[in-house]
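Subject: Structure handover

Hi,

Here's the structure I said I'd pass along. Have a look at it first, and then read on for my notes on what turned up.

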Amino acid sequence: MHVVATAGHVDHGKSTLVRLLTDTDPDRWDEERRRGMTIDLGYAWTRLPSGEWLAFVDVPGHERFVSNMLSGVGPVPAVMIVVAADEGWMPQSAEHLAAIDALGVRHGLLVVTRSDKADPSTAIEEAQSEIVGTCLGEVDAVAVSGVTGEGIADLRAALSRLVRSLPAPDEAAPVRLWVDRSFTIKGSGTVVTGTLPAGRVRVGDELLLAPGGDRVRIRGLQSLKEKVDSVAGVARVAINLRGVDKSAVSRGMALLTPERWTVTDQIDVRLCGMTSDELPREPGLHIGSAATAVYVRPLGPDTARLTLATPLPLHVGDRAILRDPGSRRIAGLTVLDVAPPPIKRKGGGTAMARELATWPELPDAAVLLRRHKLLRETDLVVMGCEPEGRPVTGDWLADAAHWETLRTDLAEAVAKHAANHPLDPGLTVEAARLQLGLPDRRLVEALVRPPLRLESGRIVQPSPRTTLPPEVTEAIARLRRDLERHPFQAPEAARLAQLRLTGRTLAAAARAGAVLRITDSVVLLPEAEAQAVRLLSALSQPFTASEARRALDTTRRVIIPLLEYLDQKGHTVRVDGNSRRCQNEKGA
């Protein structure tokens, strides 16, 4: 199926034209038929000579109903601009064309009606001269008469050519169905309708209702009043929602694929059609069927930050309209960032304007990563960008230059901590995370590279010759005097406390290589390891713990943890439950 919006100021002529093509009156209200004026959106469809179905969204032409018109034009990929031969191009035609151009619609057809009342050539020439300078460019033109039926066959053929020129929609795209109607059917409950531009919806699917964030499930589907199990865009769709009250859904809301859109109330945009200084401070923003007031903060001549009164589901690259209700002027916009960083300091807005001025029309993942420095792959997905590059950890992506800056900052933070807290075993990962302003501990761990190392949740500098405070140096000197004659008679806990070699002091001495800490209560000199291996190697192999104790002239309190330490270091190996042997050079 394909969907086309019928635009233009000739309400009665448009409705008649759609009725001739579809055998359906798109004007749904009695007041519309009585006044000959389209007030709200109308819907009808027909089968083209090619066999394809084409649905029409008939939009109001009168200036009082511009919001309704924008709701109909917003989600469709193509337009049929209708002009009367006896009236020609009108101001309202220009406003409709400005909206179509602002939305970036690139496929269209010009239809001149009432060709029985006046020569259509003048109206065609005038309208094409207006249209050619927009996104539509050169368009086919067809003259028809709703009275005589002349030109209707040509129009059907032109519509067939138009739909063949339309790009194929992405069936795998995330769903964003802007709601243009909601009503209740007895026995079924709430039904919403809209134009599905891409993606696929199925009975049983769970979607997100935005704004608000409620999860809803599809109970039933119709397309062109036929029940279906699934529908792919582009299509007109009616969706029966399970367990949703009609009062909870209204025009301008959207049904979304969960976790694929950013529902945001602040965006950075590039403008077209007006400079940022020309915009009113609080224009109306229109996208899809949604409309909301916004506050404009100009950045550069063609860039601005918008704060939305109502959050909307958006992607980078979305096209939308800003309209000044007073002057009726229209500006187009392209969304550059759906989650822009805050403007904190004086001059921050100017810096952001310079940055955005270098961006392409459609920012990609690399551009966004350069701005945000760190993003999850899932962040880019909900922004509407395909993730690029290799994560630094988990699903975190990092701008390369920023990542190197973080490495330097981490090394400086660890060095500063070591200088200010020489007895600490190192800077904790959490403290480093806070200092660097990082959102995830894993990022800190990923930044650690030699010569830094990670030990028990702390980041440590490899400094075997660390300069210890004088009081620690004095404590080690006293320990050395204690162990001078009996190097394996480790002091008791009371003596270690007397020497003040406990807690952080002992840990700092061990890190500096000034002592050999077997356990917190078994502390020897650093050369004791080599001495123990030499003495135990001289014993008959294998040997028992008692034989080792006698050879080293020590106690069971010391020998058991010391032998376990030598096992861990690979100097000794257990033979059975009671004996060990020293490893020779070949590891035998």
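Let's start with a pair of residues: Leu427 sits opposite Ile459, the latter in S27. Before going further, please keep in mind that this is a predicted model.

That pair belongs to a contact between S25 and strand S27 (residues 458-460), where the two strands run antiparallel and are joined by two bridges.

Strand S4 (residues 78-84) is worth a click: seven of its seven residues are buried, so it counts as mostly covered. As background, side chains in a regular strand alternate between the two faces of the sheet. In S4, Ala78, Met80, Val82 and Ala84 point one way, while Val79, Ile81 and Val83 point the other way. Both sets are buried.

Who are the neighbours of S4? Strand S1 (residues 2-7) pairs with S4 in the parallel sense, over four bridges. Thr6 has Met80 in S4 as its bridge partner. S4 also pairs with strand S5 (residues 107-113), again in the parallel sense, and here there are seven bridges. For that pairing, look at Val82, whose bridge partner in S5 is Val111.

Arg114 has a phi near 55 degrees, a positive value in a residue other than glycine. Arg114 is placed in the loop between S5 and helix H5 (120-131). Its relative accessibility is 22%, so Arg114 counts as partly exposed; the cut-off for buried is under 20%.

There's a second residue of that kind. Glu259 isn't a glycine either, yet its phi is positive, at about 60 degrees. You'll find Glu259 in the loop between strand S16 (254-256) and S17. Is Glu259 buried or exposed? With a relative accessible area of 63%, Glu259 is exposed, because the threshold for that class is over 50%.

While you're checking backbone torsions, there are two cis peptide bonds to look at as well:

- Ala210 and Pro211 are joined by a cis peptide bond, with omega about -5 degrees. Pro211 is in the loop between strand S11 (206-210) and strand S12 (214-223).
- Gly233 to Val234 is also a cis peptide bond, with omega near 5 degrees. Val234 is in the loop between strand S14 (230-232) and strand S15 (235-242).

Now for some antiparallel pairing around S20. Strand S17 (residues 262-272) and strand S20 (residues 303-314) run antiparallel and are joined by eight bridges. One of the pairs to look up is Thr264 with its bridge partner Leu312 in S20. Strand S19 (residues 290-298) is antiparallel to S20 too, with five bridges between them. There, Val294 has Leu308 in S20 as its bridge partner. How many residues does the hairpin from S19 to S20 run through? Four residues make the link.

On to the helices. Two packed helices are described by the angle between their axes and the distance between the axes. Helix H17 (residues 545-552) packs against helix H18 (residues 556-569) at an angle of about 110 degrees, and the axes are 10 Å apart. That makes H17 roughly perpendicular to H18, since the range for that label is 65 to 115. The crossing of H17 and H18 is right-handed. On the H17 side, the contact is made by Ala545, Ala548, Arg549 and Leu552. H18 brings Arg556, Ile559, Ile560, Leu562 and Leu563 to the contact. Sorted by class, that gives seven nonpolar residues, two charged and no polar ones.

Last stop is Arg407, in helix H10 (residues 400-420). Arg407 has a relative accessible area of 16%, so it is buried. Setting aside its neighbours within four places in sequence, Arg407 is in contact with Ala446, Leu447, Val448 and Arg449.

Cheers

Technical notes: Residues numbered from 1 in each chain as written. Predicted model: local features only at pLDDT ≥ 70, side-chain atom pairs only at ≥ 80, totals over all residues. Heavy atoms only, no water. Buried < 20%, exposed > 50% of the residue type's maximum accessible area, 1.4 Å probe, protein only. Contact = heavy atoms within 4.5 Å. Axes fitted to C-alpha atoms, helices over the stretch in contact; angles between N-to-C directions. Parallel < 35°, antiparallel > 145°, perpendicular 65-115°, else oblique. Left-handed = near helix turned anticlockwise from the far one by under 90°. Nonpolar A, V, L, I, M, F, W, Y, C, P; charged D, E, K, R; others polar. Pairing = 2+ DSSP bridges.
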